[in-house]
Amino acid sequence: MATDLTQVAQDRGIAYFLISFVDLFGVLRAKLVPAAAIGEMQQNGAGFAGFASWLDMTPADPDMFAIPDPESLMQLPWQPEIAWLAADLWMNGQEVEASPRVALKRQIAKAEQAGYTMMTGVECEYFLITPDGSAISDPDDTQLKPCYDQTALMRRFPVIREICDAMLTLGWGPYQNDHEDANGQFEMNWTYADCLRTADRHAFFKYMAKTIAEKHDLRATFMPKPFVHLTGNGCHAHVSLWDSAQRQNFFLDPQDELGLSQTAYQFLGGIMHHAESLCAIFNPTVNSYKRINAPVTRSGATWSPNAVTYSGNNRTHMIRVPEQGRFELRL
């Protein structure tokens, strides 16, 4: 039986719901719905004009409806009277082809038919910058190699802590936060999960980081290359295939030199074969291509791939195998 969101609102003191979806550029779009109306929205969806939100449509297309997924619910730790819901898009009684979440769920269904569940973890990098976007927010963050700089990290402790505390409250299992390779850049890691759950959390994380940064009179940006002389923002994905019970890792072969199975190499080979096409998905903006094959930065490296290659634990390749049973897609 599906979760009754009206009852959830009563039980958890939720006054409003954000019914949200991601457009083709990774931007969250939403309707703010009072709890009194969430029952109807759960049944019929919140209405949107697709053309107005960077989907593959025209103004002549009919209304698009976002049906919230109750399993995706996240109650905002910093504003608990509001809950966020990821939604699937429908139009004329059919799923919307241009919806990233719909596309992912279709691939998940195909994988399930073959007996696979894809597990993913993401490394979210972002800059904390001035509100006008002109510079990094910390003028004292000036080291030539600032990666893991404890002092610069702790100057931004109030923001980092609030974001990490929120992830703890949400039950994501965050386990480390650090200052990254560019001045003003940070990364936060949480436990991997099935790919749909990770995708929803990733979308919410970007919203959460930006919102909490604004509370501290700062701005968070996930732009791939906001500053030409500094290392850009990546979002590396760690990938593995498991059985439906998530007990057996089909990518694991301890006898292999890199610890990967034949299935893992076939999966990896498919990504390499389609790497140019996948750029349209993983690098959807002009700014993305300022990061790929970029000139050497102030710190002495770009940390971004410039060729369709794979290796063991070597960060200059498009695909890295950091340990047995998984690989890191750095595209």
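The second largest pocket has a volume of about 730 Å³. A pocket here is an open set of points on a 1 Å grid over the protein atoms alone, where a 1.4 Å probe fits, with protein on both sides within 12 Å along at least five of seven lines. Points are joined across faces, edges and corners, and the volume is the space filled by probe spheres set on them. The model is predicted: local features need pLDDT of at least 70, side-chain atom pairs count only at pLDDT 80 or more, and totals for chains, interfaces and linings use all residues. Residues are numbered from 1 along each chain as its sequence is written, and side-chain values use heavy atoms, without hydrogens and water.

Strands (DSSP E runs of at least two residues, numbered from the N terminus) β8 (117–129), β9 (174–179), β10 (185–190) and β13 (235–242) each give two or more residues to the lining. β8 gives the most, with six.

The domain assignment, automatic or from a database, gives domain 1 (5–98) and domain 2 (115–329). Their centres, taken over C-alpha atoms, are separated by 26 Å. About 1,200 Å² is buried between the domains, 79% of it on carbon and sulfur atoms. Buried area is the accessible area (1.4 Å probe) lost on putting the two parts together, summed over both. Met-74, Pro-77 and Trp-78 supply 50% of the area that domain 1 buries against domain 2.

Technical notes. On a 1 Å grid over the protein atoms alone, a cavity is a set of points where a 1.4 Å probe fits but cannot get out, and a pocket is an open set with protein on both sides within 12 Å along at least five of seven lines; lining residues have an atom within 4 Å of a point. Helices (H or I, at least four residues) and strands (E, at least two) are DSSP runs, numbered from the N terminus.
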